Amino acid sequence: MDVEKFLVSGYSGTRNFNQWEVPTANATGFGAAADDYMERGIDLNEQLIRNKPATFFMRVHGDSMSGAGIHDGDVVIIDRSVKAVSGKIVIAILNGEMLIRRLEKTFNKIKLVPETPKLAAIDVDPYAEFSIWGVVTYSIHSV
Amino acid sequence: MKAIVDCNSFYCSCERVFRPDLLNKPVVVLSNNDGCIISRTDEAKSLGIQMAGPYYQARGLLEQNNVAVFSSNYHLYGDMSKRVMDTLRMIVGGDKVEVYSVDEAFLDLSQVPVNELENLAMEIRNTVEQWTGIKVSVGVAPSKVLSKVANRLSKKDKNATECVMVLDKEEKVVDALQRTPIGEVWGVGRRYADKLRDWWGIYNALQLRNMSPAWAATHMGGVTGERLVRELRAEPCIEMKDPLESKKMIATTRMFGKPVTELRDLREAVATYTSRAAEKLRRQYCAAGVIQVFVVTNNYDNNYSYNPQTKGLYSTLPRPTSNTHELIREALPLVEKLFRKGSRYLKAGITLSGLVPDDSIQGNLFVPHQENLNRLLMETIDNVNFSMRDDMLKFCAAGVAKNWKMRQELRSARFTTRWEELMVVK
């Protein structure tokens, strides 16, 4: 039993595996030829989550970002540690409401731009309660 | 130097991360069963809402002022706590963090040059808030007790301190101690605080620091008092604990949603708590030799007169075990002995003690893998419950109906731990 895996209750990647988990490599050292090529497989957590404590998931309702490939019902992955620069898709907070939009920053203006003709871009009032909750890094879409 | 990082109104802050409309608005979180207020924001505090006050008494005030009220959502708080602690580990290193409670951690900053402490403390505060959305206060000082003093003061006046206080000079320490009433010093209970004031005229932490360690040893409970005074004098005595140190005792206890009067419900509750405790036991590779069951009754007719009485019984196991069914088998006869027809039970709980390392778990590379079948069963149950949640596999003794389960009427969604309950964004 891998002690570390047990004590760290959260997800800790699949980097640690021992000989018992590799089926054919027994203690005699005579394993199948394929053992030399044994890999640990693809792990989506590793690919999609760069900074675990700062990563959150949210579900998208509506078509506000459908032009960017984010559709109604999709799940987006948000990384709060990524810097919100102009052009990123972000979760923004405007007057207490959470919105998913593309951030457009110019030297004196902030815009929240949807990716659908149905909605208009929002010019953020400099006196509004505005902040960025996090930056969207991936979208999970069921096909 | 040591630091303590403490989350500001932690449970309320967790709720606010997913309710940005509640920023700068009063929020409170209720205890298990919606009994009393266990977390409040500064805005709620300034409305005169008391910490640990019963919910039904504060209800008028809460509604009048439009305070957002939440039942406790331990799934969310547990996950957010882990994120905060992981963030701290990433900043200062995993072996430098001692998790002290769900919302506090001590950091060992002995490797950090003194002139960089202020910057590091601010970086910690900023990074934790940026990554997790949780606001924290950071107190830095030469000892744990002093770091607690610094932390308390940084929270008191958030605008002036920006939630960071570093006591890196003697005059700062003196000033901070002067502003700390004796009852607010970490480790001084109310009884000691009264005694120090009435008998010795000690009103603040500075006065206590000026007493000698020898005096503290005679008048403040021996070595504990002496250590406290030394810590106030910036001589670190309370060292960082090994974060993996296992617990000496495991307890599981809950209030019931409504008073329980039937033996069957009481048995189910105790069996459920036993399962939970056994799971915790296995997680630290231990077996328990002693199990204690206790029940709390309130036999007054009036619902509001709270005069609880606790009764308990214990039993020594034939051999230490971590198997749920063996523990339940010991616990249930104790419940039957404790049960009195006509009593109203408010609460029940179990404690496991006499903990020893569970030898059945240690494997040996050179011995054929002989699996203990019970062990295999428990591991399977734990793995299924861990991945499926909500006690997917359990012993029948723990019941199916659960009439006694706690009330959580105002709980928010489990935004970070359940796929079906994710935050919705438009």
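Two strands are taken to pair if DSSP finds at least two bridges between them. In this predicted model, S1(A) and S14(B) are joined by three bridges. The two strands run parallel. Within this pairing, Val60(A) stands opposite Val425(B) of S14(B). Strands of a sheet pair through backbone hydrogen bonds, in either a parallel or an antiparallel fashion.

The contact between the chains involves 25 residues of chain A and 21 residues of chain B. On the chain A side, at least two residues each come from helix H1 (3-7), strand S1 (55-60), strand S3 (89-94) and strand S4 (97-106). S1(A) gives the largest share, with five residues. By class, this side of chain A has 16 nonpolar residues, six polar residues and three charged residues.

Chain A contains two helices and seven strands. Along the sequence, the pattern reads α-α-β-β-β-β-β-β-β. Chain A has 143 residues, and 18% of them count as buried. Contacts in chain A were also examined by sequence separation. Among those between residues at least 6 apart in sequence, 54% join residues at least 24 apart.

Chain B is divided into three parts: domain 1 (3-74), domain 2 (77-232) and domain 3 (250-398). The C-alpha centres of domain 2 and domain 3 of chain B are 36 Å apart.

Chain B also holds an open sheet of three strands, in the order S3-S2-S4. The pairing in this sheet is mixed. S3 and strand S4 (68-70) of chain B are the edge strands, and each pairs on one side only. On average, neighbouring strands of the sheet are turned by 25 degrees against each other, direction ignored. Helix H1 (residues 10-17) of chain B packs on this sheet and touches S2, S3 and S4 of chain B. The direction of this helix makes about 115 degrees with that of S2(B).

Strand S2 (residues 27-30) and strand S3 (residues 37-40) of chain B run antiparallel and are joined by three bridges. Leu30(B) stands opposite Ile37(B) in S3(B). Val29(B) has Ser39(B) in S3(B) as its bridge partner. S2(B) and S3(B) form a hairpin, with six residues between the strands. In the turn, Asn33(B) has a positive phi of about 75 degrees.

Helix H14 (residues 324-338) of chain B has 15 residues. From first C-alpha to last, this helix reaches 21 Å, close to the 21 Å expected at 1.5 Å a residue. Buried residues of H14(B) include Leu327(B), Ile328(B), Ala331(B), Leu334(B), Val335(B) and Leu338(B). Glu326(B) and Glu330(B) are also among the buried residues of H14(B). An α-helix has 3.6 residues a turn, so residues three or four places apart point the same way.

Ser412(B) lies in the loop between helix H15 (373-388) and strand S14 (423-425) of chain B. Ser412(B) counts as buried because 20 other C-beta atoms lie within 10 Å, and the cut-off for a buried residue is 20 or more. Leaving aside residues up to four places away in sequence, Ser412(B) touches Glu15(B), Phe18(B), Phe70(B), Asn73(B) and Leu76(B). Thr321(B) is 91 residues from Ser412(B) along the chain, and their C-alpha atoms are separated by 37 Å.

Note on methods: Residues numbered from 1 in each chain as written. Chains lettered and ligands numbered in written order. Predicted model: local features only at pLDDT ≥ 70, side-chain atom pairs only at ≥ 80, totals over all residues. Helix = DSSP H or I, 4+ residues; strand = E, 2+ residues; numbered from the N terminus. Buried ≥ 20, exposed ≤ 12 C-beta atoms within 10 Å, placed from the backbone. Contact = placed C-beta atoms within 7 Å. Nonpolar A, V, L, I, M, F, W, Y, C, P; charged D, E, K, R; others polar. Domains from an automatic or database assignment. Expected span 1.5 Å × (residues − 1). Axes fitted to C-alpha atoms, helices over the stretch in contact; angles between N-to-C directions.
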